[in-house]
Amino acid sequence: MAKTYNIAVIPGDGTGPEVVREGIKVINAAAAKGGFRLEFTEFDFGAARYLKTGETLPDSAIEEFRKFDTMFLGAIGHPEVKPGILETGILLKIRFALDQYINLRPVKLYPNVETPLKDKGPEHIDFVVIRENTGGIYTGHGGATRIGTSEEIATQLMVYDRRTVDRCLKYAFELKKKRNAKDPKYAAKPITLIHKRNVLTYCGDLWYRAFEEMGAEQYPELKRDYNHVDAANMWFVKNPEWFDVAVTENLFGDIITDLGAMIQGGLGVASGGNINPEGVSMFEPMGGSAPKYAGQNVINPMAAIGAAMMMLDALGETKSSQAIEAAMIEVMKKMKSQAAGRMGYSTTEVGDMIAELVAKS
Ligand code: IPM
Ligand code: MN
């Protein structure tokens, strides 16, 4: 019997359902071709449900999610919901509860995709950021006193323990080893730790020592580099070709991957994976719910299709994910732009063209 993968789908808000639909279309084509089956189960978590019932994501849903092979998320967010509620109540809750401790964000400029960087092309922008995804400032340690007075104090702590740092670094070193074996152009570049150890003398020191120790003891053949996060921002723009695998803590990773998304052509093409290498992962386009484009069939589904491709790769369907990437590249060559409303095609057409190419691959 054909291998079956059970996938939990949260289409979410705004344009989320439209891009998820195209992602599913493409991986269904890949499954038909690759001889495996995909079973999708939809969940309606998101702003609409919250506004109706006051519920973000019950604990019982987490228990449900554990039974799936993987998860696919569209976008969460709505102008009428106060910032923070859906983010912590849904997205961060899933990341933490399912221990998705890696946030994998490829920064890859494809041919014919426009980058705002002058004189940079696909040969310069092809790296991945590994963002630690369960620790740091995101843990919510801290508090506030004397709230509302002129003496108000607020703290928000960056919390890291050695195990959390080590497991993230391990993933990064292993990925670097794989990329080096794949292509000498990657092997020529270092693995880069990004932090701010000149100021964050405790957390930065923990990350730096752990990185140096693991690198020297377990991966002596891999070149190591270190950048302060402010300088890394500068290099992402000035010399993105220096990077191959960059590993960093949670908040820094959040910030630099938005910059990464822009240099690879914008949120229309940026995908990410929230990965628990031993458990249930969740893949998502990096863009938000883009409410102003919702329901118009003009949003770019490329990021969602890229996320779906990463999902198949993580499931071990490497050949299928490669076929999807090849099809995405062909279609990107035909598109006028990767920006919503300016693609020269509708959302559905982009998905159709990629699915067709995958079917023919
Ligand atoms: C991201 C987002 C989230 C984050 C928000 C929505 C909580 O910006 O996935 O990068 O900060 O991690
Ligand atoms: Mn972010």
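Biologist: How many residues of domain 1 are in contact with how many residues of domain 2?

Modeller: Contact means heavy atoms within 4.5 Å. Here 10 residues of domain 1 touch 11 residues of domain 2. This is a predicted model, in which local features need pLDDT of at least 70, side-chain atom pairs count only at pLDDT 80 or more, and totals for chains, interfaces and linings use all residues, while side-chain values use heavy atoms, with hydrogens and water left out. Residues are numbered from 1 along each chain as its sequence is written, and chains are lettered from A and ligands numbered from 1 in the order in which they are written.

Biologist: Which residues does the domain assignment give to domain 1 and to domain 2?

Modeller: Domain bounds come from an automatic or database domain assignment. Domain 1 is given as 1-100 + 270-361, and domain 2 as 115-264. Their C-alpha centres lie 25 Å apart.

Biologist: What area do domain 1 and domain 2 bury between them?

Modeller: The size of an interface is often given as the accessible area lost when the parts come together. Buried area is what two parts lose in this way (1.4 Å probe), summed over both. For domain 1 and domain 2 the value is about 850 Å², with 57% of it on carbon and sulfur atoms.

Biologist: How many salt bridges are counted between domain 1 and domain 2?

Modeller: Side chains of opposite charge can pair when their charged atoms come close. A salt bridge requires a side-chain nitrogen of Lys or Arg within 4 Å of a carboxyl oxygen of Asp or Glu. Between the two domains the count is one. Asp-99 and Arg-167 form a salt bridge, their closest N and O atoms being 2.8 Å apart. Helix α4 (85-97) and strand β11 (271-275) each supply at least two residues of the side of domain 1 that touches domain 2. The most comes from α4, with three residues. Helices (H or I, at least four residues) and strands (E, at least two) are DSSP runs, numbered from the N terminus.

Biologist: Which salt bridge joins Lys-108 to another residue, and how far apart are the closest N and O atoms?

Modeller: Lys-108 pairs with Glu-325 at 2.9 Å. The pair links distant parts of the chain, 217 residues apart: Lys-108 is in strand β4 (residues 102-108) and Glu-325 in helix α11 (residues 318-334). Relative accessible area (1.4 Å probe, protein chains only) is called buried under 20%, exposed over 50% and partly exposed in between. Lys-108 is partly exposed because its value is 25%, whereas Glu-325 is buried at 19%.

Biologist: Is Asn-300 buried or exposed?

Modeller: Asn-300 has a relative accessible area of 5%, so it counts as buried. Asn-300 is found in the loop between β12 (281-285) and α10 (302-315). Not counting residues up to four places away in sequence, Asn-300 touches Val-19, Gly-268, Val-269, Met-335, Gln-338 and Met-343. A polar contact is a pair of N or O atoms within 3.5 Å; within protein, one must be able to donate a hydrogen and the other to accept it, and residues adjacent in sequence count only if both atoms are side-chain atoms. The side chain of Asn-300 makes such a contact with that of Gln-338 (2.7 Å), and one of its polar atoms lies 2.9 Å from the backbone nitrogen of Met-302.

Biologist: Where is Arg-131 placed?

Modeller: Arg-131 belongs to strand β5 (residues 126-132). With 1% relative accessible area, Arg-131 is buried. Beyond its neighbours within four places in sequence, the contacts of Arg-131 include Arg-95, Tyr-101, Glu-249 and Asp-254.
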